[in-house]
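Please consider the sequence and structure shown below.

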Amino acid sequence: MPETASAREHGARPGSQAAPPPSPPHSQPDFDALDALPRTATGRELWTALGAAGLTAWCYRDSGTVASGVHPDRLARVLAAADARFAIPTTLSASVQLATALPVLATDPRPLARRELARAVAGESAVALAATDVTAGTDLTALRTEARISDDGVEVHGAKAWIANTTTADHFLVLARHRTGRHFTHFTWVLVPADAPGVTVRPADSALFGSSGVGDVEFDGVRLGREHLVGRTGMGLPAFARHIATERLAGALWGTALCRRALEDTHRHLTTRAHGDGTLWELDAVRQRFAACLVRVRELHALSRQLGDRVAYAYDTGAAATLKAAAGATVGHVLGECAQLWGAAGFTTGGIQETRAQAALFGIGGGATEVVLSAVADTAETILAELANDLAGPGEDAPACGGALPKAAATGPEQGTDVPRPGLGLPRPGGGEPADGLTCPGGGASVWGGAPLDVGEAGPEQGAEARQPGLGLPRPENGQPAPGGGQLPPPARQNLPHQRGAGR
Ligand SMILES: Cc1cc2nc3c(=O)[nH]c(=O)nc-3n(C[C@H](O)[C@H](O)[C@H](O)COP(=O)(O)OP(=O)(O)OC[C@H]3O[C@@H](n4cnc5c(N)ncnc54)[C@H](O)[C@@H]3O)c2cc1C
């Protein structure tokens, strides 16, 4: 396919060269940049402010290197700071980019991806992560959006629905199929400029998520140069599965902050709302109901502390599914209880009932609760072996998962990152792989939605450019992904049983 004028234009984007992003703050940021925004700020305004203040870069390890992965504590602080100031859709807009869109873009070392990544980190552009198709989002490998790849370029056809940042993005990072069928190597990322001919966006028909720019986007024969392919052909799904794990961690971290904030507001309301001779807070039934929420949020917080590093450092998909399942259930419970305790006052514009409706997203976006629970079930043997290992205490041998799990190797975070947090204590299967369930027996080869995953014993199909995906495997010593996003194991080693947990 000859390169079209638009392909040339979008391939080069002259004049769009990004200045180096502002240096991330070295210590505690004061979040002044966020205080300068109105409470009604949109996701795009928040994104610009985060980038300009260096807070986006601050969320990544190795001095703001996106490819090195998120710094979980810093990501938690930025999400909590956003949550404290803005509505859920605004924080959502930043969260998807921080946790998933930018890390996926960072898997490609070539000039276009690097340039656009730098612009996004600086807050000069926004990138929408367009994975969910018009087909069922929980059935990711059924997606229909196509990338027709030739020697000269790529042509994108299809449509995506319910994508955050759609109406405000400069680029769409589009998960598309380059081959028919459900094989996991049939999918590839394409970076599509929002202003490319053939791209049409429309806002979602929803009053709840406006400030996130959520909407639908159609690609009608969008022709681009091959430099718009992100990562190696066929690596789309593995890269997605790896990085959606971080989005699930982000959901748990943000969910904890959201529940805490809702409980604080509700506590204030209950202690000032007159009832009888005192206040609602003095009713024991109310206090117990509230206390149960406190227990739930502490559980989520503890779980995030326990599993967060495993996701952030080792892309542990089983841990990520556990966190996501817990976040969806906890946020739903806590926000529901708070909303009830507010009575009629909860229905004011922007009140807790609105927040509760928006927060229902925690049980759907980034992996519906049912889907991530299936992924947790796939790791049942690993989880039980780890618990046995922990209960056995130091120096004792614990039962292993199918004989494959030795007791905790205390391997810790990968080298070369700037967050040496002790006590990861990950039990790892023989050979040092993280216990992410991928190599633990017991899980069926299936995709999200329950359809069988077409993964042959020998790995990717013949002729595919991609090698097998590297879900949750240890990173190279320097903590950087290999060029082309290829921190991958050899084909035959990867069972890839847990694509079910890989969808949004
Ligand atoms: C505000 C918002 C922002 C979003 N942002 C993005 C974005 O930035 N990028 C992106 O790619 N996507 C985004 N999404 C899409 C989101 O990821 C999907 O909505 C999600 O994956 C679920 O897909 P679906 O809505 O098509 O649900 P469906 O696939 O239609 O499923 C509907 C329901 O069926 C049940 N179900 C489905 N599968 C199973 C199963 N296997 N077992 C048991 N029950 C099941 C669940 O209850 C599920 O909620 C966003 C959605 C919203 C609402």
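## Basis of the report

The structure is a predicted model.

## Helices α9 and α10

Helix α9 spans residues 236-272 and helix α10 spans residues 284-314. Their axes come within 9 Å and cross at roughly 155 degrees. Because angles over 145 degrees count as roughly antiparallel, α9 is roughly antiparallel to α10. The crossing in which α9 passes α10 is left-handed.

On the α9 side, the residues that make the contact include Ala245, Leu249, Leu253, Cys259, Arg260 and Leu263. On the α10 side, they include Phe290, Leu294, His301, Gly308 and Ala312. By residue class, the contact of α9 with α10 comprises 16 nonpolar, 7 polar and 1 charged residues.

## Helices α10 and α11

Helix α10 also meets helix α11, which covers residues 317-341. The axes of this pair come within 9 Å, and the crossing angle is roughly 160 degrees. The two helices are therefore roughly antiparallel to each other. Their crossing is left-handed.

From α10, the residues in this contact include Arg289, Arg296, Leu307 and Arg310. Among their counterparts in α11 are Ala319, Leu323, Ala326, His333, Glu337 and Leu341. The contact of α10 with α11 divides into 14 nonpolar, 4 polar and 4 charged residues.

## Residues of α10 in both contacts

Val286, Cys293, Val297, Leu300, Leu303, Ser304 and Val311 of α10 take part in the contact with α9 and also in the contact with α11.

Technical notes. Residues numbered from 1 in each chain as written. Predicted model: local features only at pLDDT ≥ 70, side-chain atom pairs only at ≥ 80, totals over all residues. Axes fitted to C-alpha atoms, helices over the stretch in contact; angles between N-to-C directions. Helix = DSSP H or I, 4+ residues; strand = E, 2+ residues; numbered from the N terminus. Parallel < 35°, antiparallel > 145°, perpendicular 65-115°, else oblique. Left-handed = near helix turned anticlockwise from the far one by under 90°. Contact = placed C-beta atoms within 7 Å. Nonpolar A, V, L, I, M, F, W, Y, C, P; charged D, E, K, R; others polar.
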